[in-house]
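Open the model in your viewer and keep the sequence beside it. This tour goes from one selection to the next and says what is found at each stop.

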Amino acid sequence: MNRFFLPLLLFVFFTVESIFVQLLPSEFFYGKWILVPRFLIAVLLLLAMYGSQKYAILYGFAFGLLFDIVYTEIIGIYLFLFPLTIYLVMRAMKILQTNALVVTIVMLAGIALLELVIYKMNSFINITDIGMKEFANSRLLPTLCLNLIFIVASFYPLKRYFEKLAEQEILS
């Protein structure tokens with residue numbers, strides 16, 4: 001049962017991202033802010049830190065491909081960026097302490113890196129034409145605030161769940 005719950009949980013967060021975007025009206029913030037939920041990558045980062053880095057990267061590849069197929073015009077960008085973000089965050093965590101504040105800051109840095117690379121890729125192939133300052137004010141900062149709220153709300157339940165899975169050696 002536990003073996004099937006983790007992929008199901010990740011799929012739920014994958015789905016909740018798109019539902020969240022549909023349910024949050026753009027008029028709510030007067031059309032000035034773009035909130036991008038990155039709940040799935042946040043959960044994958046927590047899985048890597050408190051469960052299994054190997055499984056987090058494998059699920060990163062799988063859900064990155066699924067994300068590319070369902071949502072993007074560029075196949076391969078999330079397939080590449082999800083595992084890369086997980087790997088880079090884990091490299092940073094080898095140097096830093098794993099207390100809740102540091103983990104939250106590093107996770108937000110990983111989400112910011114993901115957003116910046118996607119922005120640069122979209123501007124490189126002329127999908128977007130907004131400037132960096134406008135991107136930072138209208139999308140990056142609101143996205144980081146939204147994901148900070150999600151990380152704070154879900155940190156301890158997910159941490160305990162992933163540690164329990166690691167203890168039971170389901171993630172070995």
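Helices here are DSSP runs of H or I with at least four residues, numbered from the N terminus. The model is a predicted one.

Start with a loop. Select N126, which is found between α5 and α6. N126 counts as exposed because its relative accessible area is 66%, and exposed means over 50%. Its backbone is worth a look: phi of N126 is near 60°, a positive value in a residue other than glycine. Most residues other than glycine have a negative phi.

Next, select residues 77–95, which form helix α4. At 1.5 Å a residue, these 19 residues should span 27 Å, and the end C-alpha atoms are 27 Å apart, so the two values agree. Now colour the buried residues of α4: I77, Y78, L81, F82, P83, T85, I86, V89, M90 and M93. These buried residues pack against α2 (39–50), α3 (53–71) and α5 (100–124).

Two packed helices are described by the angle between their axes and the distance between the axes. For α4 and α5 the angle is about 150°, and the axes are 10 Å apart. α4 passes α5 in a right-handed crossing. On the α4 side, the contact is made by I77, Y78, L81, F82, T85, L88, V89, A92 and M93. On the α5 side, V102, V103, V106, G110, L113, L114, V117, I118 and M121 take part. By class, this contact has 16 nonpolar, two polar and no charged residues.

Which residues have the most contacts inside the largest nonpolar core? Select L44, M49, I86 and F162 to see them; the core itself has 52 residues. The elements giving two or more residues to this core are α1 (2–23), α2, α3, α4, α5 and α6. α2 gives the most, with twelve residues.

Leaving aside its neighbours within four places in sequence, M49 is in contact with V89, M90, M93, V103 and M107.

For the last stop, go to Q168, in the segment after α6 (132–167).

How values were computed:
Residues numbered from 1 in each chain as written. Predicted model: local features only at pLDDT ≥ 70, side-chain atom pairs only at ≥ 80, totals over all residues. Heavy atoms only, no water. Expected span 1.5 Å × (residues − 1). Buried < 20%, exposed > 50% of the residue type's maximum accessible area, 1.4 Å probe, protein only. Contact = heavy atoms within 4.5 Å. Axes fitted to C-alpha atoms, helices over the stretch in contact; angles between N-to-C directions. Left-handed = near helix turned anticlockwise from the far one by under 90°. Nonpolar A, V, L, I, M, F, W, Y, C, P; charged D, E, K, R; others polar. Core = buried A, V, L, I, M, F, W, Y, C linked by side-chain atoms within 4.5 Å.
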